[in-house]
Amino acid sequence: MPGELLIAVRACGVCRTDLHVAEGDLPVHRRQVIPGHEVVGEVVEVGHGVRAEFAVGDRVGIAWLRHTCGRCRYCIRGAENLCPESRYTGWDADGGYAEFATVPAAYAHPLPAGYSDTELAPLLCAGIIGYRALMRADLPPGGRLGIYGFGGSAHLTAQVAIAQGAEVHVMTRGEAARALALSLGAASAQGATDRPPIALDAAILFAPVGDLVPSALEALDRGGTLAIAGIHLSDIPVLNYQRHLFQERQLRSVTANTRADARAFLAFAGEHRIEVTNPQYPLDRADEALRDLASGRVSGAAVLIV
């Protein structure tokens, strides 16, 4: 199509959003859509009208956001992630669980050097959305950050925060996830509902479990912010104003990302080496990868190899 790139897929990350699409947690936007929005591949064809930034043979990334109107008040003020006409890879259009995929060239991403295809794939959503969640959490310089859940996005975001000087405390189920957190530099790691050893300046909830919201809010110090990183969350229990919100604690959602977020994060990844834990599956075992993700058997960010 004019304005698009045809990509030969080399690797595609397995994101929890793919699972939400497959299991019906999210409304159907396109029936029998091919999932996958953390796509790394090679340009094999350039559509008419694409500017010279991309050429056949380039390695590029396809991320979640693939269209915005560019005209609404959200787009104009730089909040294109809130555009009412936004569309998404693997939800509105076929994604990267395939040998080939397309992307509007304006939404394709040049990729940093020094990473393999399988290392890059999780950066294209897990990394980008974690980066936006970190910004939404409003962590002060050198602050204390709590991370709830420690899967694909969290293990990348923790490294960004630590590189920026944060003290990171992780609350998550599973010994393997806690061991990974400590190996990456977390100051502490404990169970998902345990209290961190110190009051938090900010926290990010990556696990799609609404029951964790009260625990995370109670762990915040005065003026702290909790950002919820997922596109889907189970119901939040009733909150108590004094225990959970008083003293100017804040609760914020995170909705998709902007292309500016993606550019900033990928530039950061080019300047700071991010270690990507990426168990790999052949493309024909995508269902197995999703089952493992659903059951908590994936440590890090799973990737399909095409």
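A salt bridge is a side-chain nitrogen of Lys or Arg within 4 Å of a carboxyl oxygen of Asp or Glu. In this predicted model, local features need pLDDT of at least 70 and side-chain atom pairs count only at pLDDT 80 or more, while totals for chains, interfaces and linings use all residues. Residues are numbered from 1 along each chain as its sequence is written, and side-chain values use heavy atoms, with hydrogens and water left out.

By that rule Asp261 forms a salt bridge with Arg132, and their closest N and O atoms are 2.8 Å apart. Across the interface of domain 1 and domain 2, the rule finds 1 salt bridge. The bounds of these domains come from an automatic or database domain assignment.

| Domain | Residues |
|---|---|
| domain 1 | 4-125 + 257-305 |
| domain 2 | 128-253 |

The C-alpha centres of domain 1 and domain 2 lie 24 Å apart, and 32 residues of domain 1 are in contact (heavy atoms within 4.5 Å) with 21 residues of domain 2. Together the two domains bury about 2,000 Å², 68% of it on carbon and sulfur atoms, where buried area is the accessible area (1.4 Å probe) that two parts lose on being put together, summed over both. Asp261, Phe265 and Phe268 supply 23% of the area that domain 1 buries against domain 2, more than any other three residues.
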